[in-house]
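Morning, everyone. I have one structure to show, and I'll keep it brief.

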Amino acid sequence: MTIWRNIIFGCLAIIVTLSIYQDNQIDKELAAVKDRLDNIHKIQIESSYRRYVQDFIDNDFEAIASHFKPPVDFKLYDFVAETNEDVINQYMDMKANIQEGYAYSLIDEIGISKTSNNNFLLCADYTRYDSNDKSLFKGRTNYLYIFSVDEGWKINSLDSIERDENISCKNLFN
């Protein structure tokens, strides 16, 4: 009888061990899927941001507003845009007061990090130039992207912050 009991307990121990191993494997696979999904979201967000920059350069205010999900917090201006029309008006004002001679912007670096509430923070370093390719301004802005089921990733908040040349946007999140 003791032999059978030992065999049964041995089989149970093997089953429990295999079950724990399988759970660990599932957890690892799930973490890998989450990482891949986050990377897909980062690619979508970066693509959307690049379209937003082109719309900014083109002075396409309707298109600029399409990248936002109101209410939008313009932290630098201590202003919350409640509607797309408010976003359009804010950008028209911003462009009217941009550096004299502004012709275009180039993105110097982008860093994207997932926040604790499943949104993403995009840090962008950029340089503004005049038509003679002379640098007018170097800036850094943080954009909070939220997911809208109907519209995808949209900007919900932005804040211009001091650009530290010693700390890149990508390194801000590491």
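Start with Asp108. At 37% relative accessibility, Asp108 counts as partly exposed. Keep in mind that this is a predicted model.

Which residue does Asp108 meet in a salt bridge? The partner is Arg163, at 2.9 Å, N to O. This pair links distant parts of the chain. Asp108 sits in strand E3, while Arg163 lies in the loop between E6 and helix H4 (169–172). They are 55 residues apart.

Is Arg163 buried or exposed? Arg163 has 17% relative accessibility, so it counts as buried; the cut-off for buried is under 20%.

The pair is also part of a network. Salt bridges link Asp108, Asp125, Arg140, Arg163 and Glu165.

Now the other bridges. The count comes to 8 salt bridges. One of them joins the side chains of Lys69 and Glu151, at 3.2 Å, N to O. Lys69 is in strand E1 and Glu151 is in the loop between E5 and E6, so this bridge ties together parts that are 82 residues apart in sequence. Both ends are partly exposed: Lys69 has a relative accessible area of 30%, and Glu151 has 43%.

Next, Lys75 and Asp73. Their side chains meet in a salt bridge at 3.9 Å, N to O. Lys75 is partly exposed, at 44% relative accessible area. Asp73 is partly exposed too, at 27%.

Leu76, Tyr77 and Phe79 make a nonpolar patch of about 280 Å². Where is Tyr77? Look at the loop between strand E1 (68–74) and strand E2 (79–81). Tyr77 counts as partly exposed, with 42% relative accessibility.

Last topic: the largest pocket. Its volume is about 450 Å³. How many residues line the largest pocket? There are 27, and those nearest its centre are Met94, Tyr126, Arg128, Thr141 and Ser160. Several elements give two or more residues to the lining. On the helix side of that list are H1 (2–57) and H3 (84–96). The strands are E3 (102–114), E4 (120–130), E5 (135–148) and E6 (152–161). Which element gives the most? That is E5, with 5 residues.

What is the lining made of, by class? It has 17 nonpolar, 5 polar and 5 charged residues.

Methods. Residues are numbered from 1 along each chain as its sequence is written. This is a predicted model: local features need pLDDT of at least 70, side-chain atom pairs count only at pLDDT 80 or more; totals for chains, interfaces and linings use all residues. Side-chain values use heavy atoms; hydrogens and water are left out. Patches are made of residues with over 30% relative accessible area and no salt bridge: like charges are joined within 9 Å, nonpolar side chains (Val, Leu, Ile, Met, Phe, Trp, Tyr) within 5 Å. Accessible areas come from the Shrake-Rupley method with a 1.4 Å probe; for residues, only the protein chains shown count as cover. A salt bridge is a side-chain nitrogen of Lys or Arg within 4 Å of a carboxyl oxygen of Asp or Glu. Helices (H or I, at least four residues) and strands (E, at least two) are DSSP runs, numbered from the N terminus. Buried means under 20% relative accessible area, exposed over 50%, partly exposed in between (1.4 Å probe, protein chains only). On a 1 Å grid over the protein atoms alone, a cavity is a set of points where a 1.4 Å probe fits but cannot get out, and a pocket is an open set with protein on both sides within 12 Å along at least five of seven lines; lining residues have an atom within 4 Å of a point. Grid points are joined across faces, edges and corners, and a volume is the space filled by probe spheres set on the points. Ala, Val, Leu, Ile, Met, Phe, Trp, Tyr, Cys and Pro count as nonpolar, Asp, Glu, Lys and Arg as charged, and the others, Gly among them, as polar.
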